[in-house]
Amino acid sequence: SEIYALPDDITGEPVADKLARVRAELAARKAGLLVLSRLDDIAWITNLRGADISYNPVFEAYLAIERERAVCFTDRPLRSGVRDALGKAVEFRPYAQLREGLSETVARLRKASRNRTQPGRAGRDEPELGVWIDRDSTSEGIRLMLKGVPLVLDAPNPVVRLKAVKNPVEIQLSHEGHLKSGAAKVRSLSTLASWLAEGRKVSERQVADLLAEEYAKEAGFSDLSFNTIAAYGANGAIVHYGTPDAKTWLLPGGLLLLDSGIQVLGATTDDTRTVSIGEPTAEQRRRFTDVLRGHIRLALQVFPEGTTGQMLDPLARSPLWNEGADYGHGTGHGVGAFLNVHEGPQSISPRGTVPLEPGMIVSNEPGYYREGWGGIRLENLYVVEEALGLAPHPGGKRWLRLTPLTMIPFDLALLEAERMSAEEREWLSEYHGRVWELLAPRLAEPHVQWLRRACGQGG
């Protein structure tokens, strides 16, 4: 695929500034070279995108960042304007020249190290300039190419965290992208409801196709962010269900789990809603309510900076734990800005040891699954922001909160409101009020009336 450049008003930061921040990290660690293999890291720091990997706007390449130069090794064609957009910040060389290019870089590092350690020169006691290799994302082949050069192996590469903390432009575009995604999903759910009311026979595959058609109508749409999960009935118990089936029909009495998202200029979305097909059973309503209460408990939580996802994860599980139930996946993963739908280093899970920071985007997706019965998952994306108006933290830390990006109603037909606390009901009412306020102007009839009912707005 062609490589194309994103303008600064989409990325929020020029390439030169991103490289300067990475080089400051290199200097702090006495490293002279950073080799990037992970494609989303390369796309982020160069402000370039492609389409080499399904659902991910990345391109096949390696990137070598030195103190004074950066070289991208790729065979992908450059769309007109790419070189002008990058100026002298990044050079391009053929993919096959990676070994040769790294050999040249190693020679320069060794020469620089010899110059720095010559007798009589300032800094002669400083160690040799090393190579920073992220052990989690670098192949053995790259390590062998750099054999004989001191390595820095004690930390992930600095791009991982820099990319995870979104700037104000990325956050603004994420809000807008989620409104586009939300409007398309509402149109799809509204249309599905009308099809079922007419007695039309509808399959999982038709739901996924309908959703793809509605997504494609939104301005700036690029692609889905992953293969849509449209799982009916027992299929909903498969957490990462595969391709929706053209012969699995939505029959009354079951649940439809619909997990989907898009790549839209400047943003990546991911959300899950579970809806009832026909009249829900008492158990379906009870389990749905437990999952939703867990989602809301996490969404309500204010926490001090330094709090990890591991510390927050039990909040979403608490209502299920109290019912003797649980789910076998993490509660939340990081998400990119017009990049990968799964992004580190942050997560909300038993293994989430990275503190959440303002600007990070993370999912909140508790669930309930039972083989042969089906599944429930309720997922929003949130951005971590500073929580204002609270008493100062005794340790001087900032208070943080999760602000919703996703704007899609939850299925009120599956809710047992009497089992929710007043605070939980208030959060849901305010959330649905916000969904109505933001999405209604983007919709035409009959979708507006469907949204009004779905958000409990009367009429």
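Modeller: Helices (H or I, at least four residues) and strands (E, at least two) are DSSP runs, numbered from the N terminus. This is a predicted model, in which local features need pLDDT of at least 70 and side-chain atom pairs count only at pLDDT 80 or more, while totals for chains, interfaces and linings use all residues. Residues are numbered from 1 along each chain as its sequence is written, and side-chain values use heavy atoms, with hydrogens and water left out.

Colleague: What caps the N-terminal end of H8?

Modeller: A polar contact is a pair of N or O atoms within 3.5 Å; within protein, one must be able to donate a hydrogen and the other to accept it, and residues adjacent in sequence count only if both atoms are side-chain atoms. Here the cap is Asn 167, with a side-chain oxygen 3.1 Å from the backbone nitrogen of Val 169.

Colleague: How many residues has H8, and what distance does it reach?

Modeller: An α-helix has 3.6 residues a turn, so residues three or four places apart point the same way. The expected span is 1.5 Å times one less than the number of residues. H8 covers residues 168-197, 30 residues in total, and reaches 43 Å from its first C-alpha to its last, close to the expected 44 Å.

Colleague: Is H8 mostly covered or mostly uncovered?

Modeller: Buried means under 20% relative accessible area, exposed over 50%, and partly exposed in between (1.4 Å probe, protein chains only). In H8, 21 of the 30 residues are buried, and the helix is thus mostly covered. For the chain, buried residues make up 54% of the 459 residues.

Colleague: In which sense do strands E19 and E20 pair?

Modeller: Two strands pair if DSSP finds at least two bridges between them. E19 (residues 367-370) and E20 (residues 374-377) are antiparallel, with four bridges. Tyr 369 is opposite Gly 375 in E20. Three residues lie between the strands of this hairpin, where Gly 372 has a positive phi near 85°.

Colleague: Where does Pro 94 lie, and which residues does it touch?

Modeller: Pro 94 is in the loop between strand E6 (91-93) and helix H5 (98-116). Its relative accessible area is 37%, and it is partly exposed. Contact means heavy atoms within 4.5 Å. Not counting residues up to four places away in sequence, Pro 94 touches Phe 73, Thr 74 and Asp 75.
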